[in-house]
2 protein chains.
Amino acid sequence: KRRIDWSPLAAEKQGFKHFMLKEIFEQPRAVRDTLIGRLRSEDASPSLEFAELDARVDVRALAERHKITIVACGTSWHAALAGKYLIEQLARIPVEVDLASEFRYREPIVREGDLVLAISQSGETADTKAALQEAQRLGATGLAICNVVDSSIARLADVVLYTHAGPEISVASTKAFTTQLTMLSMLAIHLGKQSGAMADARAQALLEGLREMPVAIDAVLGVQAAIKIIARRWVGARDWLYLGRGLSFPVALEGALKLKEISYVHAEGYASGEMKHGPIALIDDSVPVVVLALEGPGYHKTLANLEEVRSRGGKIIAVATAGDDAIGDVADDVILVPKVDAFLQPILASVPLQLLAYHVADLKGTDVDQPRNLAKSVTVE
Amino acid sequence: KRRIDWSPLAAEKQGFKHFMLKEIFEQPRAVRDTLIGRLRSEDASPSLEFAELDARVDVRALAERHKITIVACGTSWHAALAGKYLIEQLARIPVEVDLASEFRYREPIVREGDLVLAISQSGETADTKAALQEAQRLGATGLAICNVVDSSIARLADVVLYTHAGPEISVASTKAFTTQLTMLSMLAIHLGKQSGAMADARAQALLEGLREMPVAIDAVLGVQAAIKIIARRWVGARDWLYLGRGLSFPVALEGALKLKEISYVHAEGYASGEMKHGPIALIDDSVPVVVLALEGPGYHKTLANLEEVRSRGGKIIAVATAGDDAIGDVADDVILVPKVDAFLQPILASVPLQLLAYHVADLKGTDVDQPRNLAKSVTVE
């Protein structure tokens, strides 16, 4: 009798070794689905649709007299940090980001007419839910970015913006994060148009960039083999640093968290400019330093940071923009991603770091989809 | 001929093995000197004197329509994070904290009439200086907390609040940090009185607490022997986590930075509530977890976090309040500090973590005062 090694669960992995890998590869579809509900691109020029938000929020008043407070935990908090940069720069509305577990207990300053934005994949994160409720109690309008429809946070919020990542089984979040970033990018562009801070042409260019994002992600997924080789080279490292500036800073934090979560090695993310204020003491030739060195405003500062790492014997794995030849002179390994607008880089640059973390963990043989000590959604405080 | 093993430098260490240790032990004096210039305590009821600030800043307008942005790097950034909690809670003025290296490049939202506060021990930190200038250019009044008199940042600021730590020779900052926290505590109390957010009796109680702080620090320095034993027990650990909530969160970040800077082990600070969102995956019985578990609003939540660490086999070094008997049941090691007002705990709780970092590094035999790769003041970007 032939033994059939088959389970419904394995079937759902659609040939991928782990759910995490499957979910990483679903991102072109997930990002596209998240865009579809909001981005009208039937016409020559794409436009955004946030009718339920427009009905509830006076964006000009928000920009002039109020602020947005984003509350989140873990991976969603990293999305929130990117959200602050996006919304402040594109819409000129002040944004405060707080860990939900901190927000609740520090008597936060929230005023009638402020906006609170809760970000949670599951919509059940206990601290985030309580933070949203607290801000609403103080007079803020509650906005939520959730993936799970009709979840607790979605039900509490005055306006819900759903990502359409689909069910995420892996404990380490991947497609939920990039779809949160996608939603935050659209939200920032929309707020920028409503607040009057953003020229139409600029908004159009960013929306075109978002429309092309699934194709760009596909291109990054295509270099998996190269990332696997880098993972093999560094699988023995015990300490990793991840560095990024500006919008790449939260990407660095998230990249480090992925590796920490599933491979149990000590990876830590830092703002590149902070390296000289402490973490550089850690660096020697046993510490791989993953540096987000994408083209854009912070590029030359980042190159200077790379030189500092090199001069201390540190090994550099750079995530850089295709066509950047200079990076070859300073990095030990390089992962090249397609050129996109600097404001959209976080979505794209997150993908190779997911693959890097995945392959390090897989080579180590950890339980990738169910890492020790962690639960998928943290419903206790 | 008798060889005289003596150098002017050694003499200046006044019998201490390293400048860092000398400077840790100078903290009662440094904090007292920082208080003296501002805290009038000749009378029965102490009061604060910030005349130059009062002349330049309309605190009620600040609370009603503006915000304070604090810019800093490294250790000073940790002081800034505590400053946000103190000022928001005691004075109800919105505070944003930013890494100086990030602030400059993200087109920050600063408005005419806002206040910017730059914190830098040396007063020469390049990124902090540039961030202060940028905020002033955008219309903010510039306030600075510096230790070095007549430094670049002090000269640029509209109002300077000097700490009186005295020269800090050790690269790893200790007395500069606790005097920054002392100044920020006084500033928060003063702003709270000026904004009307703070009752006189509450302010009096806090000022009494500050006045007693040098004595409390002395008591913590008295338990050095116990901390040395804990350091010996854990000197072989490669990874450390530091956890804190609320005002103890920046203390945890700073404690981890101290250890990282001088002993080159990978120590990382986290907000206690974030542990379940990733870092708990790192925990096993080889990872000491230093937990700030002081009495106060977050105490019971913190105990719950401790149980989670324990149930994963993690080893706990707790910093707790003298008289707390319950902590003995959950911690593997405990460092007890005198009871002080919850708002003043950061100053006191930083001290045992400095001693812990110092003794781990000294046992490892690193160059404590001149750790590899680091410079005392970062005057390049």
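1. Contact here means heavy atoms within 4.5 Å. Thr141(B) sits in strand β6 (residues 141-146) of chain B; helices (H or I, at least four residues) and strands (E, at least two) are DSSP runs, numbered from the N terminus. With a relative accessible area of 18%, Thr141(B) is buried, where buried means under 20% relative accessible area, exposed over 50%, and partly exposed in between (1.4 Å probe, protein chains only).

2. A word on conventions before going further. This is a predicted model, in which local features need pLDDT of at least 70 and side-chain atom pairs count only at pLDDT 80 or more, while totals for chains, interfaces and linings use all residues. Residues are numbered from 1 along each chain as its sequence is written, chains are lettered from A and ligands numbered from 1 in the order in which they are written, and side-chain values use heavy atoms, with hydrogens and water left out.

3. On to the two copies. Chain A is superposed on chain B by a rotation of 180 degrees with 0.0 Å of shift along its axis, at an RMSD of 0.0 Å. The two copies are thus related as by a two-fold rotation axis. The same surface serves both copies, as 100% of the contact residues of chain A recur in chain B. The superposition is by least squares on the C-alpha atoms of residues with pLDDT of at least 70 in both copies.

4. Two packed helices are described by the angle between their axes and the distance between the axes. Helix α10 (residues 175-195) of chain A and helix α15 (residues 345-364) of chain A pack at about 170 degrees, with their axes 9 Å apart. That makes α10(A) roughly antiparallel to α15(A). For the cut-offs, angles under 35 degrees count as roughly parallel, over 145 as roughly antiparallel, 65 to 115 as roughly perpendicular and the rest as oblique. The axes are lines fitted to C-alpha atoms, for helices over the stretch in contact, and angles run from 0 to 180 degrees between N-to-C directions.

5. Which residues in α10(A) meet which in α15(A)? From α10(A) come Phe177(A), Thr178(A), Leu181(A), Thr182(A) and Ser185(A), and they meet Pro346(A), Ile347(A), Ser350(A), Val351(A) and Gln354(A) in α15(A). By class, this contact has five nonpolar, five polar and no charged residues. Ala, Val, Leu, Ile, Met, Phe, Trp, Tyr, Cys and Pro count as nonpolar, Asp, Glu, Lys and Arg as charged, and the others, Gly among them, as polar.

6. Ala231(A) is found in helix α12 (residues 224-234) of chain A, and counts as buried at 0% relative accessibility. Beyond four places in sequence, Ala231(A) touches Leu356(A), His359(A), Val360(A) and Leu363(A). Ala231(A) and His359(A) are 128 residues apart in sequence and 5.8 Å apart in space, C-alpha to C-alpha.

7. Met198(A), in the loop between α10 and α11 (200-221) of chain A, also counts as buried, at 9% relative accessibility. Not counting residues up to four places away in sequence, Met198(A) touches Leu90(A), Ile189(A), Gly192(A), Lys193(A), Ala203(A) and Leu206(A).

8. For contrast, Ala44(A) lies in the loop between β1 (39-40) and β2 (47-48) of chain A and counts as exposed at 74% relative accessibility. Outside four places in sequence, Ala44(A) is in contact with Glu208(A) and Arg211(A).

9. Two backbone angles deserve a look. Most residues other than glycine have a negative phi. Tyr264(A), however, is not a glycine and has a positive phi of about 60 degrees; this residue is in the loop between α13 (248-263) and β9 (266-271) of chain A and is partly exposed, with a relative accessible area of 21%. Gln14(B), not a glycine either, has a positive phi of about 50 degrees. Gln14(B) lies in the loop between α1 (8-12) and α2 (19-25) of chain B and is exposed at 57%.

10. Finally, the aromatics. A search of the whole structure finds four aromatic pairs over all chains. In one of them, the rings of Phe16(B) and Phe25(B) have their centres 5.4 Å apart and their planes at 35 degrees, so the pair is tilted. Rings of Phe, Tyr and Trp (its six-membered ring) pair if their centres lie within 6.5 Å; planes under 30 degrees apart count as stacked, over 60 as edge-to-face and the rest as tilted. Phe16(B) counts as partly exposed at 26% relative accessibility, and Phe25(B) counts as partly exposed at 25%.
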